[in-house]
Amino acid sequence: LLDISRLESGTFEVHERDFAPGALFETLGREFGILARARGIELRVARCSAVIHSDEALLRRILQNYLSNAVRYSRRGRVLMGCRRAGGSLRIEVWDSGPGIPPEHHKRIFLEFQRLDTGAQSSERGAGLGLAIVERIAKRLGHRIGLRSWLGGGSVFFVDVPLAAK
């Protein structure tokens, strides 16, 4: 709640700079790989050699939330984090093999305290704040976020980050 309050009031400091997210990807892969293996899920993190312009700590928060949800809601299968260039941006995606999200809930899940009944045990379900924080961080950074999802076939959450000027 404190993070949401700080984001709403504009007191959240942003420190944008050019950086290569490859090391961030590797660190997140190690951190979430432990959790994924404990759940019997394969986590793959693709290499990323691009240079982007963002706040590394805030981008990390977005990706941590995406990975945490992907591992939490995937019962089996795999989670993949990777990137691809799209015009002047780098699209960072987290794919999962979870239950999928019905289209009518795609916008709702980015609101505070919104949780879907995915069959997850109550001890595994979050407070419904993670994606609301992601939405506010992305807005503050001027990054586009979104998702695509297939019922019974998983989801992909993404964030579009500007490439560094050459």
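1. Burial comes first. A residue is buried when its relative accessible area is under 20%, exposed when over 50%, and partly exposed in between, with a 1.4 Å probe and protein chains only as cover. Leu28 is buried, at a relative accessible area of 0%. Buried residues make up 46% of the 166 residues in the protein.

2. A word on the basis. This is a predicted model, in which local features need pLDDT of at least 70 and side-chain atom pairs count only at pLDDT 80 or more, while totals for chains, interfaces and linings use all residues. Residues are numbered from 1 along each chain as its sequence is written, and side-chain values use heavy atoms, with hydrogens and water left out.

3. The overall layout. The protein has four helices and seven strands. Both kinds of element are DSSP runs numbered from the N terminus: helices are H or I with at least four residues, strands are E with at least two. From the N terminus on, the order is α-β-α-β-β-α-β-β-α-β-β. The accessible surface comes to about 8900 Å², and 50% of this belongs to carbon and sulfur atoms. That area comes from the Shrake-Rupley method with a 1.4 Å probe.

4. Contacts across the sequence. Contact here means heavy atoms within 4.5 Å. Of the contacts with a separation of 6 or more, 71% are between residues 24 or more positions apart.

5. Back to Leu28. It is placed in helix H2 (residues 22-38). Leaving aside neighbours within four places in sequence, Leu28 is in contact with Gly33, Arg60, Leu63, Gln64, Leu67 and Met81. Gln64 is 36 residues from Leu28 in sequence, yet their C-alpha atoms are 7.3 Å apart.

6. Helix H3. Its 18 residues should span 26 Å at 1.5 Å a residue, and the end C-alpha atoms are 26 Å apart, so the two agree. The expected span is 1.5 Å times one less than the number of residues. Buried residues of H3 include Leu58, Leu63, Tyr66 and Leu67. At the start of H3, a side-chain oxygen of Asp55 comes within 3.0 Å of the backbone nitrogen of Ala57.

7. Helix H4. Residues 130-141 make up this helix of 12 residues, which reaches 17 Å from first C-alpha to last, close to the 16 Å expected. Its buried residues include Leu131, Ile133, Arg136 and Leu141. Gly142 follows H4 and has a positive phi, near 75°.

8. Aromatic pairs. How many are there? Rings of Phe, Tyr and Trp (its six-membered ring) pair if their centres lie within 6.5 Å; planes under 30 degrees apart count as stacked, over 60 as edge-to-face and the rest as tilted. By this rule the count is two. Tyr66 and Phe157 form a tilted pair, 5.3 Å centre to centre with 40° between the planes. Tyr66 is in helix H3 (residues 56-73) and Phe157 in strand S7 (residues 154-162), so the pair links distant parts of the chain, 91 residues apart. Both residues are buried.

9. The tryptophan pair. Trp95 and Trp150 have ring centres 6.0 Å apart and planes at 10°, so this pair is stacked. Trp95 lies in strand S5 (residues 89-95) and Trp150 in strand S6 (residues 144-150), so the pair ties together parts 55 residues apart in sequence. Trp95 is partly exposed at 28% relative accessibility. Trp150 is partly exposed as well, at 39%.

10. Arg91. Not counting residues up to four places away in sequence, Arg91 touches several others, among them Gly82, Cys83, Arg144 and Arg148.

11. Glu13. This residue sits in the loop between helix H1 (2-9) and strand S1 (17-19). Glu13 is exposed, at 55% relative accessibility. Its side chain makes a polar contact with the side chain of His15 (3.2 Å). Beyond neighbours within four places in sequence, Glu13 is in contact with Asp55 and Leu58.

Definitions and conventions:
Polar contact = N/O pair within 3.5 Å; in protein donor to acceptor, adjacent residues only side chain to side chain.
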